[in-house]
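Hi,

Here's the structure I promised to pass on.

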Amino acid sequence: MEKGFPRNSSPFPLFETPVWKCSDTSCTCWMRVDLAFEESPSCPICSKEMVLETKMLPKLTTVKS
Ligand SMILES: [Zn+2]
């Protein structure tokens, strides 16, 4: 599960990140695909199917090369 929510005033650069989003439009639950344990997870809140989308999120890794 994703911990915390991205802040609008994030100082980190944002990247298009694949996420699982709940197919129920009244439910705001989503999780990073990278952090999902299942290939096709169901919503932990309402148990509905989740659909693949992209979100602008800061990168997970803090390692800079
Ligand atoms: Zn849901």
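Below is what I found, starting with the ground rules.

This is a predicted model, so local features need pLDDT of at least 70 and side-chain atom pairs count only at pLDDT 80 or more, while totals for chains, interfaces and linings use all residues. Residues are numbered from 1 along each chain as its sequence is written.

On secondary structure, the chain has three strands and zero helices, giving the pattern β-β-β along the sequence. Both kinds of element are DSSP runs numbered from the N terminus: helices are H or I with at least four residues, strands are E with at least two.

The three strands form an open sheet in the order β2-β1-β3, with antiparallel pairing (strands pair if DSSP finds at least two bridges between them). β2 (30-32) and β3 (50-58) are the edge strands, each pairing on one side only. From one strand to the next, the twist averages 40° (axes are lines fitted to C-alpha atoms, with angles from 0 to 180 degrees between N-to-C directions). β1, residues 14-22, pairs with β2 over three antiparallel bridges, and Trp20 has Met31 in β2 as its bridge partner.

One to look at is Ser47, in the loop between β2 and β3. Ser47 is not a glycine, yet its phi is positive, about 65°. It counts as exposed because it has 10 C-beta neighbours inside 10 Å.

For that label, C-beta atoms are placed from the backbone, and the other ones within 10 Å are counted: 20 or more is buried, 12 or fewer exposed, in between partly exposed. Buried residues make up 6% of the chain's 65 residues.

Cheers
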